[in-house]
Amino acid sequence: MKALILAASLLLFPVGASAQMSDEQCLEVANYIFFAATGRDFGAHPQAILDALVGRGVPHDAAIAILEAVFIGMPERSPDFLATQFFNSCISEAT
């Protein structure tokens, strides 16, 4: 999960030398994770989710990292669990 946080922070919100994300940025990425995991649970093809994430402004590499976490890293976990875990980890990293 820490790798996903770092990848998302570096790709979505480059802030110079700091890879820390604000609470709002953490929430935004958590929402993307929730979206991807919900699509997964409804049977959406990973490519369709990737296209939707990129269409929402998520950089391609960050969208791939999200898909890997949702489909490969923790495929048995619910959207709520994944989004909450990411958000909690992310905000704890920011402090």
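This is a predicted model: local features need pLDDT of at least 70, side-chain atom pairs count only at pLDDT 80 or more; totals for chains, interfaces and linings use all residues.
Reader: What makes up the secondary structure of the protein chain?

Author: The protein chain has five helices and zero strands, so that, read along the sequence, its pattern is α-α-α-α-α.

Reader: Why is the pair C26 and C90 called a disulfide?

Author: Two cysteine sulfur atoms count as a disulfide when they lie within 2.5 Å, and the sulfur atoms of C26 and C90 are 1.9 Å apart, therefore the pair meets the cut-off. By this rule the count for the model comes to one disulfide.

Reader: Which parts of the chain does the pair tie together?

Author: C26 belongs to helix α2 (residues 23–41) and C90 to helix α5 (residues 79–94), so the pair joins parts that are 64 residues apart in sequence. The angle about the S-S bond is -70 degrees, and the link of C26 and C90 is left-handed, while both C26 and C90 are buried.

Reader: Why is α3 called oblique to α4?

Author: Helix α3 (residues 46–55) and helix α4 (residues 60–73) pack at an angle of about 140 degrees, with their axes 9 Å apart. An angle has to be over 145 degrees to count as roughly antiparallel, and roughly perpendicular covers 65 to 115, so the value of about 140 degrees makes α3 oblique to α4. The crossing of α3 and α4 is right-handed.

Reader: Which residues make the contact of α3 with α4?

Author: From α3 the contact takes P46, I49, L50, L53 and V54, and from α4 it takes H60, A63, I64, I66, L67 and F71. Sorted by class, the contact of α3 with α4 has 10 nonpolar, one polar and no charged residues.

Reader: What makes α2 oblique to α4?

Author: The axes of α2 and α4 cross at roughly 45 degrees and come within 10 Å. Roughly parallel would need an angle under 35 degrees, and roughly perpendicular begins at 65, so with roughly 45 degrees α2 is oblique to α4. This crossing of α2 and α4 is right-handed, and its contact is made by Y32, I33, A36, A37 and R40 of α2 together with I66, L67, V70 and F71 of α4. The classes in the contact of α2 with α4 are eight nonpolar, no polar and one charged.

Reader: How much of the protein chain is buried?

Author: Buried residues, those under 20% relative accessible area, make up 35% of the 95 residues in the protein chain.

Notes. Residues are numbered from 1 along each chain as its sequence is written. Side-chain values use heavy atoms; hydrogens and water are left out. Axes are lines fitted to C-alpha atoms, for helices over the stretch in contact, and angles run from 0 to 180 degrees between N-to-C directions. Helices (H or I, at least four residues) and strands (E, at least two) are DSSP runs, numbered from the N terminus. A crossing is left-handed if the near helix is turned anticlockwise from the far one by less than a right angle, and right-handed if clockwise. Contact means heavy atoms within 4.5 Å. Ala, Val, Leu, Ile, Met, Phe, Trp, Tyr, Cys and Pro count as nonpolar, Asp, Glu, Lys and Arg as charged, and the others, Gly among them, as polar. Buried means under 20% relative accessible area, exposed over 50%, partly exposed in between (1.4 Å probe, protein chains only).
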